[in-house]
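Here are my notes on this model, for someone opening it for the first time. Please keep the structure in view while reading.

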Amino acid sequence: MISTAIRVARVGSAAELAAAALMMLGYPCLMLAALVPSIPAFAAAAAVTYLSDHYLHRRGSYLVSRLSKVRAGLSIRFLIRQLLLILLLARLSLADNLIYYGAIACFIAFYGLQAPHGALTTLIRNRRRMPVATRNIDLASRIRIPDAPPRVLLHRAAEKMLHLDLAAVAGILVGAALESAAVGYTGIGITVGLGLAYVLALVPFVRSGRIPPNAERVLGAVDDWLREYRPETVLYFSGSRDSAYQVNMWLETMEQLDTRPLVVLRERAILQNLAPTTVPVICVPGGVHLMNLDLSTVRVALYAANVGKNIHLLRVPTMKHVFIGHGDSDKLASVNPYSKVYDEVWTAGRAGRDRYAIADVGVRDDDIVEVGRPQLAPIETWKGVPGDRMPTVLYAPTWEGWDDNPGNTSILLAGENIVRKLVEAAPAVRVLYKPHPFTGTRSAQAKAAHQRIFFADREVRRRARRRPAVHRRRRRPGGREGRAGADRGPAGRAGRRHRQGRRGRDQPRRRDRRGPARGDRTAARRVEHRVLAFLPRLGAPRHHGRRAAPVRLLQRLRRDGLGHLQRGLRLHRQRQAVRRHGLRRTRRGGVQAAEHGGAGRGDPLERRGRAGRAARRGPRPGRRRAGR
C-alpha cells in the first residue's frame with residue numbers, strides 16, 4: 001500500500017511521502033487551531049508545515065514542483081500561513097491591539113521585498129551566464145571573469161527569503177500568549193530587517209564590474225584557445241541529465257588517444273554530471289555559437305548518441321563523422337536508420353555488422369568498421385578452468401527501449417530466471433548484476449522485475465554476511481588435533497562409536513571443532529544454496545531437545561560438511577514415511593513398522609499417539625483402567 005502511494009504521489013521514499021502527508025494535513029490543522037482558538041496547537045501545526053516543506057525542498061521532491069502547477073506554490077503556502085495567523089489574532093480578540101496592525105503591516109512589507117529580491121537574483125543569473133562553460137581550459141588569461149556571488153545568496157534564494165518570516169510568526173505567537181506587544185514587535189523587526197539586508201546584499205553584484213564580458217568576447221577567447229590547442233579528435237554529445245553515463249564511458253578512451261582530444265557538450269546539466277577527466281571540455285548550449293566556433297583542425301568527430309542536435313556539427317564537411325554509440329544490443333536503436341548520416345559506423349564486432357545487414361536500413365557494409373570495445377581492454381582472457389578461484393558471471397541487461405518489442409531486453413522474460421540459476425549454480429559462481437541506468441523508466445513491468453532481482457540479490461548478500469567463518473587449526477602430530485585426525489576413516493569411526501558407547505547415552509557427546517576436510521568443505525559451499533531453498537521442507541535436527549533454527553543448520557553444514565546434509569535428508573525422508581505409511585523412527589536412525597495394537601512397554605514396536613504412550617506407560621498404581 002505504501003509503495004502504491006509512493007508511485008502515485010511520485011515521491012522518492014516513504015519519508016518524503018510522510019513529509020508530504022504532514023504538510024497537507026498541517027494547513028487544515030492551522031485553520032482549526034485559528035478558529036478554536038489555540039495558540040499551542042497553532043504553533044505545533046505551523047512547526048510541522050515549516051519542517052515538512054523544508055524537507056521536501058531539500059530532497060528536491062517532484063511533489064513540490066507539481067504543487068506550483070496547481071496554484072499551491074511556495075509563496076502561496078507561506079501567505080496562507082500568515083493569513084491564518086492574522087485570523088488567530090482576530091479570534092483571540094486582539095483586533096484592537098497594536099500587534100494586530102503590526103502583523104498586517106509586517107507581512108505587507110515582507111511581500112513587498114519579494115519583488116526586488118526576485119528581480120535581482122534573476123538579473124544576476126542571466127547576466128553572469130556565459131555562452132560557454134569549460135573544464136580544463138584556461139580562459140582566465142584571455143578575458144577577465146569576475147567572481148560569482150557567494151553560494152549562500154543565490155542557492156535556493158526564494159526559499160531562504162520566504163523563511164525569514166519565521167521570526168515574525170514566532171514573535172507574534174509568543175507576544176499573543178504572554179500578552180506582550182514588545183515581543184511581537186521584536187519578531188516583526190527582525191523579519192523586516194533581515195529581508196531588507198538580503199536585498200541590499202545582492203545589489204553590488206549587479207554593477208558592471210561584477211558582470212562577465214559579453215558573448216562576442218567570450219567566444220573570441222575560446223577561438224583563440226582552439227587555434228592554440230589545435231584539437232584533432234572531438235567527442236560530441238547531447239542528451240538529458242540522466243544520460244551522462246553515455247559520454248562518461250568514453251572519457252578514459254579519449255585520454256589514451258595519441259591525438260589531441262576535445263569533448264564538446266551541449267547541455268550544462270551534462271557538464272555537471274560529467275566524470276573527472278583530464279581532457280579539455282567545452283559546453284556550448286547555443287547552436288549558433290557552436291557553428292561559429294573555429295574547429296578547422298578537427299579531423300574526426302565521434303558521436304556517442306543519435307540525437308537531433310548532432311546536425312549542428314554534422315554540417316561541417318572538413319571532418320570525418322563517426323558513430324561509436326554507447327553499447328551494442330539487439331534493440332532497434334542499434335540499427336537506427338539515422339546512422340546513414342555518418343561517414344563510418346564503428347561496432348564492437350561481427351555481430352554489429354550483421355545487425356545492419358539483416359535490418360537493411362541503408363547503412364552500407366563498407367561504412368561499418370569493427371573496432372572492438374575499448375572499455376573491455378583491461379579484462380584479461382583466461383584459458384582453462386581456474387582451480388583456486390571462483391568464476392565470475394556478469395549479467396548486464398539493457399533497458400526496455402521505447403516500445404514493447406520483446407527483443408529489447410531479457411530482464412522481462414528471463415532476467416529473474418537467469419539470476420536465480422546463476423545463484424543456484426553448482427559449482428558456485430560469483431554473480432554481478434549491472435542493470436541499464438534507464439531500466440524501468442518507461443515500463444512498470446521492467447521496473448518490478450529489476451526490483452525483484454535487486455532485493456533477491458540483497459537477501460543473498462545479507463545471508464552471506466550472517467554465515468560464520470570457518471576457523472581451521474593447524475594440525476600437529478600429537479595432541480588433540482593429531483588424535484582427531486587419526487580417528488578418520490572406517491576404523492576411526494568404529495573407535496569413536498566404541499568410546500561413545502562407553503560414555504553412555506546420558507553423557508553429552510563432545511563436539512568436533514576441527515571442521516571438515518578441504519574437499520568436503522568446498523562441496524558443502526557448493527550445495528549450501530540448495531539447502532537455503534530446501535530448508536522449509538528439510539526439517540532441522542533436534543539440538544539439546546529443541547528444533548534447530550535454519551541459521552544453525554547452515555552453521556553445522558559449514559562445519560560438518562556434506563555428512564550433515566545427508567543426515568538431514570535422511571531425517572526428512574523418515575518423517576515423510578511416518579506420516580504416509582505409519583512408520584516410526586528408532587533411536588539409532590532406523591525405521592520400523594508401527595503396530596496398531598498390543599505393544600507392551602518393552603516391545604520394540606511402538607504405537608503412535610496418546611494410545612501408544614498409555615500402552616508404553618502401563619497402568620498407574622491406585623487407579624482402575626477404564627472399562628473395568
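1. Start with strands S7 and S8. S7 and strand S8 (residues 368-370) run parallel and are joined by three bridges. Within this pairing, Thr 347 stands opposite Glu 370 of S8. Bear in mind throughout that the model is predicted.

2. Now look at S6 and S7. Strand S6 (residues 320-323) pairs with strand S7 (residues 344-347) over two bridges, in the parallel sense. Phe 323 has Val 345 of S7 as its bridge partner. A helix belongs in this picture too. Helix H17 (residues 350-359) lies across S7 and S8. Its direction is at about 160° to S8.

3. In what order do the eight strands of the open sheet come? The order is S1-S4-S3-S2-S5-S6-S7-S8, and the pairing is mixed. S1 (133-135) and S8 are the edge strands. Each has a single partner strand, so one side of each lacks a neighbour in the sheet. On average, neighbouring strands of this sheet are turned by 25° against each other, direction ignored. As background, strands of a sheet pair through backbone hydrogen bonds, either parallel or antiparallel.

4. Is S3 (residues 261-265) buried or exposed? Five of its five residues are buried, so S3 is largely enclosed by the rest of the structure. The cut-off for buried is under 20% relative accessible area. In a regular strand, side chains alternate between the two faces of the sheet. Both faces of S3 are covered. Pro 261, Val 263 and Leu 265 are buried on one side. Leu 262 and Val 264 are buried on the other.

5. Which strands pair with S3? One is strand S2 (residues 233-237), which pairs with S3 in the parallel sense over five bridges. Another is strand S4 (residues 281-283), which runs parallel to S3 and is joined to it by three bridges. Val 263 takes part on both sides. Leu 235 stands opposite Val 263, and Val 281 is the bridge partner of Val 263 in S4.

6. S2 has a further pairing to note. S2 and strand S5 (residues 300-303) pair over four bridges, in the parallel sense. Here Val 234 stands opposite Ala 301 of S5.

7. Turn to the helices. Helix H5 (residues 74-91) and helix H9 (residues 166-178) have axes that come within 11 Å and cross at roughly 10°. That angle makes H5 roughly parallel to H9. The contact uses Leu 85, Leu 88 and Leu 89 of H5. From H9 it uses Val 169, Ile 172, Leu 173 and Ala 176.

8. Ala 34 sits in helix H2 (residues 14-35). Its relative accessible area is 0%, so Ala 34 is buried. What does Ala 34 touch, not counting residues up to four places away in sequence? The list is Phe 42, Leu 84, Leu 87, Leu 88 and Arg 91. Ala 34 and Arg 91 are 57 residues apart along the chain, yet their C-alpha atoms are separated by 7.1 Å.

9. Check the annotation against the model. The unreviewed UniProt entry lists residues 25-51, 72-92, 98-120 and 184-206 as "transmembrane region". Residues 25-51 are 89% helix and 0% strand in the model, with end C-alpha atoms 13 Å apart. Residues 72-92 are 86% helix and 0% strand, and their end C-alpha atoms are 28 Å apart.

10. A word on cysteines. A disulfide is a covalent bond between the sulfur atoms of two cysteines. How many disulfides does the model have? With a cut-off of 2.5 Å between sulfur atoms, the count comes to zero. Cys 29 has a relative accessible area of 42%, so Cys 29 is partly exposed. Cys 106 counts as buried, at 2% relative accessibility.

11. Last, the overall figures. The protein chain has 25 helices and 14 strands. Of its 628 residues, 38% are buried. Among contacts with a separation of 6 or more, 64% join residues 24 or more positions apart.

Methods
Residues are numbered from 1 along each chain as its sequence is written. This is a predicted model: local features need pLDDT of at least 70, side-chain atom pairs count only at pLDDT 80 or more; totals for chains, interfaces and linings use all residues. Side-chain values use heavy atoms; hydrogens and water are left out. UniProt positions are given in the numbering used here, feature names are shortened, and annotations may be inferred rather than shown by experiment. Buried means under 20% relative accessible area, exposed over 50%, partly exposed in between (1.4 Å probe, protein chains only). Two strands pair if DSSP finds at least two bridges between them. Axes are lines fitted to C-alpha atoms, for helices over the stretch in contact, and angles run from 0 to 180 degrees between N-to-C directions. Angles under 35 degrees count as roughly parallel, over 145 as roughly antiparallel, 65 to 115 as roughly perpendicular and the rest as oblique. Contact means heavy atoms within 4.5 Å.
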